[in-house]
Amino acid sequence: MALRFAAFMALWTVFYFSVPSLHLLTWTVIGLGGVGAVLFGVRRYRPHTPEAWYLLAGAMLTLVSGDTAYNLLTDVFGQVEPFPSVADAIYLATYPLAAAGVLLMVRRRSPLRDRAALIDALILTTAVTLLLWVYIITPTADKGTQSWLSSAVSIAYPLGDVMLLAVTARLATGGALRGPAVRLLLLGVVGLTGSDVAYALVRLYGTWHVGTAADLGWVVFYISWGAAGLSPSMTELTEPVARHRHGADSSRVIPLAVAALVAPTVLMIEALEQNQRDGVVIAVCSALMFLLVLLRLYLAGRQTRELDNRAHTRAMLRELKYRAYRDSLTGLGNRLRFQDRAERALARAEEFGGVAAMLLIDLDNFKEVNDTQGHKVGDELLVAAASRIAEAVRPGDLPVRLGGDEFAVLLSDGASQKAATALAERLIKVLAEPFRLSGAPVPVRASIGVATSAGGAGGTEEVLFRNADLALYAAKADGKGTWRLFDPALYDAALQRLALRTGLDRALAVGEFELHYQPIVDLQGPPRVAGFEALVRWRHPKLGLLSPGNFVPVAEETGQITPIGAWILRQATVDAAAAGFGYVAVNVSPHQFSDGGFVDSVRAALRAAGLPAHRLTVEITENVFLHEATANALIDLQRLALLGVRIAIDDFGTGYSSIGYLRDLKFDVIKADKSFVDRIADQKDHELLLRGIVHVARTMDIAVVAEGVETVGQRDLLRDMGCAYAQGFLYSPAVPLADTAGVQATIEKGDG
């Protein structure tokens, strides 16, 4: 629309210059056309501050009114170059109205003080002022042929131009020349100033006539400001703009450089003409521009320092952010990075119907590496494992170290459950290869839990992580060195474990635990019950009678096994003394050794029950020797032996150092694990292995108790190989104390 308006007004201008007889009509149309265009633009685009544009329209209206008044004086009333006149009074109202409108735009456009833009505008204005002073104001004031009123009015025009140029330059330099509207306003002011200068020069050195080329600047003023009002960018002139970085680009430097050269150029011209009448004014303007340039350089330097400080601050923030999201040891992402990415991945999966998947990785037996080879080797292992994980993942996957020996991988967007399980299988193989640390190979395996949002993770990172943790727990329960995919059954099992965990303390306080006893039978000779093994049961108010496999692992995790074990020891010794058992065997958790005071608790239990020490057998597993307090455990075992308590090693053969323990420690009993007994009747290698265990034990004067004997064939083979004792369902399951006498009588009646 602005272009169409400008084109129409250009044609009308041609008509104005072509038909002098219609100057009054055509000139009025041109002026009012600009006013109407601005008013139409305000109604159409509705700027934030329409008052500024109304002031500009008012300024144009006063100018066209002054033109109309002047044309009436010359064309209708026949006056020749009337000056000063009523037309001049109307003309001069244009400048304060226009300046007020532009200042309002400056205030709205740059609500914060922009000193650099103000200085740039003052430099340009000072240069224009000097030119007007030297070539318009001074000659007008020196002209002795006109009255003081004529001189004052003549000087008022260039002063009004200076004022309008100053505020328009401030508008342009503050918000930069962005959008056609501000360019058109600046062009209009330049046109107005040009015609005013031409008018002043003609009046100084000749006679003014309407319809000359000098009118063209005013035409440009009307058309430019009208087109500015019709431009959609007119709304931007009354809206705040971002602080412009006043750099050293040519669009700013060249005008300022030209302005700075005005004073020496004028001085040189006057020197060549040998007419240095304006030396003082030139000196003042030069000094002012010099000071303004110095101030501008100071502000530019300060802005540069501020920008440097901001750049340094941003660099520091980037570094801090990098460190905040990185693990310092391995260089992988950390938990914070994982949480941030996981939340976004879940949000995208929910929005677009995809899947978010993660793997939770734990290095098996890492603690043993730390304990046996030191933390330095442990750190080497973590760095090497992180490198393998990072190399094994797919592009776009996020590997992180969560802490300790726990890692995680968040799969990239679009990953499927199949891709997650495939990555888990690949990582199991990669991490199973021995690590060469400090020159020595270190075998380490990994357990992995896999979870996906499609597997019930909902929409939160916490639930996704929880499900992966449950899958990891299941992988470790399966024997470690493997992976498991989360399914809702694992969550149900976790809820049950939680219920058991919260109920363990109550169970001990209200007496829900009870002991059952399984007979241990002498194989070499007539059937005789040599003793009983005490096995704990939990009579849960809702779940019924629970075997140790249901709650002992939970008690081990929480440390509640220590008070429960102490109760078992006290109750078993009391029952053994009351029932007259040959001996009673009690299982002892590694936690009971590590917590300290175990030997004293055994001594106190025997004293309270009145049971001789040799009638108590303490059954331990190899895990006792894998604990941090291994040295203390060995001392406690020696103290128990001195006390007279018999020591049995349980689940013999399932560890990796049992033979060494037999050599270094004095055990009274070996309990051959059920896994060796199950197939001795149908698999020769199982039989030969068990025969070897029995032979070694007899050589070292250690009795062997075979666990899990369920058939007559197993019993006969065990008897034939020289095994001393057996226990299992062939004889009896574990029974309450009240039934032990009947079970013993039944066994000892006959041969089995």
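**Entry 1: salt bridges**

I began with Asp678, which forms a salt bridge with Lys674, the closest N and O atoms being 2.9 Å apart. I take a salt bridge to be a side-chain nitrogen of Lys or Arg within 4 Å of a carboxyl oxygen of Asp or Glu. The model is predicted: local features need pLDDT of at least 70, side-chain atom pairs count only at pLDDT 80 or more, and totals for chains, interfaces and linings use all residues. Residues are numbered from 1 along each chain as its sequence is written, and side-chain values use heavy atoms, with hydrogens and water left out.

I looked up the accessibility of both partners. Asp678 counts as partly exposed at 33% relative accessibility, and Lys674 is partly exposed with a relative accessible area of 33%. My classes are buried for under 20% relative accessible area, exposed for over 50%, and partly exposed in between (1.4 Å probe, protein chains only).

I noted 23 salt bridges in the structure. One of the pairs I looked up is Arg603 with Asp600, at 3.0 Å from N to O. Both residues lie in helix α21 (residues 598-609), three residues apart, about one turn of the helix. Arg603 is partly exposed at 30%, and Asp600 is partly exposed at 41%. Helices (H or I, at least four residues) and strands (E, at least two) are DSSP runs, numbered from the N terminus.

I also recorded a network of salt bridges that links Glu533, Glu619, Lys671 and Glu707.

I then examined Asp327 and Arg401, whose side chains meet in a salt bridge (3.1 Å, N to O). This pair links distant parts of the chain, 74 residues apart: Asp327 is in the loop between α11 and α12 (335-352), and Arg401 is in strand β2. Asp327 is buried, with a relative accessible area of 12%; Arg401 is buried, also with 12%.

**Entry 2: the sheet**

I followed β2 into an open sheet of five strands, ordered β2-β3-β1-β6-β7 with mixed pairing. β2 (398-403) and β7 (483-485) stand at the edges with a single partner strand each, so one side of each is left without a neighbour in the sheet. Neighbouring strands of this sheet are turned by 20° against each other on average, direction ignored. β2 pairs with β3 (residues 406-410) in the antiparallel sense over five bridges; pairing requires that DSSP finds at least two bridges between two strands. Leu398 has Leu410 in β3 as its bridge partner.

**Entry 3: positive phi**

I checked two residues against the background that most residues other than glycine have a negative phi. Arg46 has a positive phi near 45° and is not a glycine. Arg46 lies in the loop between α2 (23-45) and α3 (50-76) and is exposed at 66% relative accessible area. Asp701 has a positive phi of about 60° although it is not a glycine. Asp701 is found in the loop between α25 (684-699) and β15 (703-707) and counts as exposed at 64%.

**Entry 4: a buried serine**

I looked up Ser732 in the loop between β16 (725-727) and β17 (735-736). Ser732 counts as buried at 6% relative accessibility. Leaving out residues up to four places away in sequence, I found that Ser732 touches Gln518, Pro519 and Val743, where contact means heavy atoms within 4.5 Å.

Technical notes:
Axes fitted to C-alpha atoms, helices over the stretch in contact; angles between N-to-C directions.
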